[in-house]
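Reader: I would like to go through this model with you, beginning with the ligand. Shall we look at it together?

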Amino acid sequence: TEKLSNGDFTVVLQTTSNDELGELAASIQKLANDLHYMRQERSEFLASVAHELRTPLTFVKGYADIAKRSHISDDERTEYLSIIKEEVEHLTRLIQDLFTLAQMEQHTLTIEKEHVHLYDYLEKITAKLKPTLASKNMHIHIHCSSLLTASLDKVRFEQVLLNLLLNAYKYSNTDASISIILTQHHGQTVWRIEDQGVGIPEQDLPHLYDKFYRVDKSRTRSTGGTGLGLSIVKEIVELHGGTISIESQLHVGTTVTIALPTN
Ligand code: ADP
């Protein structure tokens, strides 16, 4: 303001004004870009949700039509019905993830911890994935003492595990295996989920938890996906007071490590 009184008033004011206008223009430009990016991101997200809904529905319709035919054997009918059931479960998981996204955005996602026997809990969850894994001849190995217990939200943490295990399945080739390794020390339960899949490029690692983020859209298009999984996983882990980290090596595999307070 001292300069303003020495005859350069207009010029200085002009400069200040230009600076402010320039800043304003730049932030409007940034807002416009962000908005454009968000719109694009939302519309890609909607397209992938629609795709994810349509694929299992196509299977359900197709197999229901075949199962209705009178000349097929009981064994065949049972097989088709179990495919239908698996696809319906896939749809249910997707819808649960969408609900969770809405709760995250409205800040209403809560957890209710209860006492859980971890080995039994893991056995039940992994059993649900057996038919899916069998389609790629994949297996899950559980390394967990039958004595371990912890406090966690059973339903929410199942969502975490299913998302991680299904990622391990989706991004692996046939015959690969997945290991779940549980250890407890210093009041923490550490969960490691290791796969032998395609891996994640280093530059993508920092973005994995962003909502809708997908490493390679062309790669994920064939495997399906919405880019929601890991953002939900991180939110639920943090609501439990825990942390998550992901290490990966291309063509070798990925390890997700979650540390939760045991109680
Ligand atoms: P998506 O629905 O696309 O699987 P996620 O949020 O679960 O969304 O994962 C984000 C991206 O991270 C995926 O698109 C995939 O490229 C990558 N990714 C996640 N888990 C793995 C894994 N175990 N192996 C390789 N890539 C993975």
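Reader: How far is a polar side-chain atom of K170 from an oxygen atom of the ligand?
Author: This is a predicted model. In it, the distance from a polar side-chain atom of K170 to an oxygen atom of the ligand is 3.0 Å.

Reader: And which distance applies to the polar backbone atom of T226?
Author: That backbone atom of T226 is 2.8 Å from an oxygen atom of the ligand. For L230, a backbone N or O atom lies 2.9 Å from a ligand oxygen atom.

Reader: How much of the ligand does the protein bury?
Author: The protein buries 97% of the 530 Å² that the ligand exposes when taken alone.

Reader: Which elements give two or more residues to the shell around the ligand?
Author: They are α4 (154-170), α5 (217-223) and α6 (229-239). Helix α4 provides the largest share, with three residues.

Reader: How many residues surround the ligand, and which are the closest?
Author: The ligand is surrounded by 20 residues, and the closest are N167, Y171, D195, T226 and L230.

Reader: What is the make-up of that shell by class?
Author: Eight residues of the shell are nonpolar, eight are polar and four are charged.

Reader: Let us turn to the chain. How many helices and strands are there?
Author: The chain has six helices and seven strands. Along the sequence their order is α-α-β-α-β-β-α-β-β-α-α-β-β.

Reader: Is the chain compact or spread out?
Author: The chain is more spread out than a compact globule, because its radius of gyration is 25 Å, well over the 18 Å that the globule rule gives for 263 residues. Along the principal axes, the C-alpha atoms fill a box of roughly 95 × 55 × 35 Å.

Reader: What share of the residues counts as buried?
Author: Of the 263 residues, 39% count as buried. The chain exposes about 15,700 Å², and carbon and sulfur atoms supply 55% of that area.

Reader: And what share of the contacts with a separation of 6 or more joins residues 24 or more positions apart?
Author: Such residues account for 71% of those contacts in the chain.

Reader: One last topic, S179. Where is it found?
Author: S179 is in strand β4, which covers residues 177-185.

Reader: Is S179 buried or exposed, and why?
Author: S179 is buried, because its relative accessible area is 17% and buried means under 20%.

Reader: Which residues is S179 in contact with, leaving aside neighbours within four places in sequence?
Author: With those neighbours left aside, S179 is in contact with H141, H143, R192, I193 and E194.

Technical notes. Residues numbered from 1 in each chain as written. Predicted model: local features only at pLDDT ≥ 70, side-chain atom pairs only at ≥ 80, totals over all residues. Heavy atoms only, no water. Near = heavy atom within 4 Å. Polar contact = N/O pair within 3.5 Å; in protein donor to acceptor, adjacent residues only side chain to side chain. Areas by Shrake-Rupley, 256 points an atom, 1.4 Å probe, with all protein chains shown as cover. Helix = DSSP H or I, 4+ residues; strand = E, 2+ residues; numbered from the N terminus. Nonpolar A, V, L, I, M, F, W, Y, C, P; charged D, E, K, R; others polar. Rg over C-alpha atoms; globule rule 2.2 N^0.38 Å. Buried < 20%, exposed > 50% of the residue type's maximum accessible area, 1.4 Å probe, protein only. Contact = heavy atoms within 4.5 Å.
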